[in-house]
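Hello,

Here is the structure I promised to hand over. Please look through it first, then read my notes below.

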Amino acid sequence: MRHSSSWILHQGTQKCLCGPITLVLRRFKSSERQTSAGRSTPLPDEALHQKPKSPFYFETGYALFAKRPSRPFPPPFLSLPSSSFSDPLTTHSRSRDSRSYVNGEMIRGITNGDDAVLVNDNFIGANDGVGAWATRPKGHAALWSRLILHFWALEAERDSTVTSSATTSSEPSPVSYLQKAYEQTLKATSSPNEWHGTTTACAALLHHSSGSSSEKPIVYVTNLGDSQVLVLRPKDQEIIYKTAEQWHWFDCPRQLGTNSPDTPQANAKMDKVEVEENDIVIAMSDGVADNLWEHEVLENVLNSVRNWESGKISDSTEDRTAGAAGGMLYVADQLMKAARVVAEDPYAESPFMERAVEEGLAMEGGLQASLSFSRVMTDIAPGKLDDISVVTALCRRRKG
């Protein structure tokens, strides 16, 4: 039995209580763990018909591993299946997670265990919901991680700064978008039914600067917590940018949600990263960073890019430079698989194990002893079994 800490309301004040919660520790069989992958996450019909205006775009891919099946969203976010064959068939389609709704709109993104990712041609994000909420009444971390991303992307879409032509001199404001998303998620999970949860948040928004000669791509990276965004430059074989993790204490990151003192306006960190065409931007949950060191991530991505460019993976005749023409899906999948190998190995060395040792936490027989964490993990070993979410995006210039 292990203990977990989480944000609770205690006598009218906010406190982070590191106290015992009785849990049934269960190891999920490999057959119960789920993987999925794709090139972009679903969009509503009206968004599919919007004409691109930016001179740059992301060519994307994502790969996901869930340590346990995702819980379905509760009403009113998930329409219940039809009880009669005479009801409209669309009721059935809305019962799927990918067709969940809020405020009459399809919820953007995809759920992965308690994580959520959102992938489109100028915005990528990976949020990590805190799984300890599964032990609490009305707890649903995956709902929180997904709604935050949904509203965050919508706020970016609605800002004319983001959707305007390259001649604009205004700048996007991702932190204010996240603040609005946080407020909308609070409202959506308060009425008509109350649902509790917390989540980290990280995203990269592709924009541009316009000078006298030509436009240049800029990525606005926003982070709160310990999910990460990396920017890699394959031609130089280096990582040119990495977000800084934000913690309250070991394995208790900053997080948005129920009773947490953290807010985007007060705690989110935003950086402007000047990028080049064919740079790769990665948004990933801590399921990657806890199992792979930074140099391993770089090596894995570079090897995948080389394999893709060589033609070993596909016989496409299109330009494959840096993973173009579909290679981002392959890059994301290979990185997810590498992190999963370590996550499921009880004897592997990992960044998570290294940090735990630095904190003076014992490792015995492949399992940690006497831990009080904010997160609930079904297996804790030198390789940290957790949801693994990887989104990869290649910066490209639009033709014409």
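Two strands pair if DSSP finds at least two bridges between them. Helices (H or I, at least four residues) and strands (E, at least two) are DSSP runs, numbered from the N terminus.

This is a predicted model, so local features need a pLDDT of at least 70, side-chain atom pairs count only at pLDDT 80 or more, and totals for chains, interfaces and linings use all residues. Residues are numbered from 1 along each chain as its sequence is written, and side-chain values use heavy atoms, with hydrogens and water left out.

**A hairpin**

Strands β14 (residues 228–233) and β15 (residues 238–242) run antiparallel, joined by four bridges. Arg 233 has its bridge partner in β15: Glu 238. Four residues lie between the two strands. In this hairpin, Gln 237 takes a positive phi near 55°.

**The whole chain**

The chain has ten helices and 24 strands. It has 400 residues, and 56% of them count as buried. Buried means under 20% relative accessible area, exposed over 50%, and partly exposed in between (1.4 Å probe, protein chains only). A contact means heavy atoms within 4.5 Å. Of the contacts with a separation of 6 or more, 75% are between residues 24 or more positions apart.

**Confidence**

pLDDT is the predictor's confidence in each residue, from 0 to 100. The chain averages 80, and 77% of the residues score at least 70. Among the elements, strand β20 (residues 280–284) has the highest mean pLDDT, 98. Strand β3 (residues 13–17) has the lowest, 33. Over residues 80–98 the pLDDT stays under 50, and the model has 21 contacts beyond four places in sequence for them. Residues 364–380 are also below 50. That stretch has 69 contacts in the model beyond near neighbours in sequence.

**Helix α3**

How far apart are the end C-alpha atoms of helix α3 (residues 141–158)? They are 26 Å apart, which agrees with the 26 Å that its 18 residues should span at 1.5 Å a residue. The expected span is 1.5 Å times one less than the number of residues. Of the 18 residues of α3, 16 are buried, so the helix is largely enclosed by the rest of the structure.

**Pro 382**

Pro 382 sits in the loop between β23 (372–373) and β24 (388–397). Is Pro 382 buried or exposed? Pro 382 counts as buried because its relative accessibility is 8%. Its C-alpha atom is 4.9 Å from that of Met 353, 29 residues away along the chain.

Best wishes
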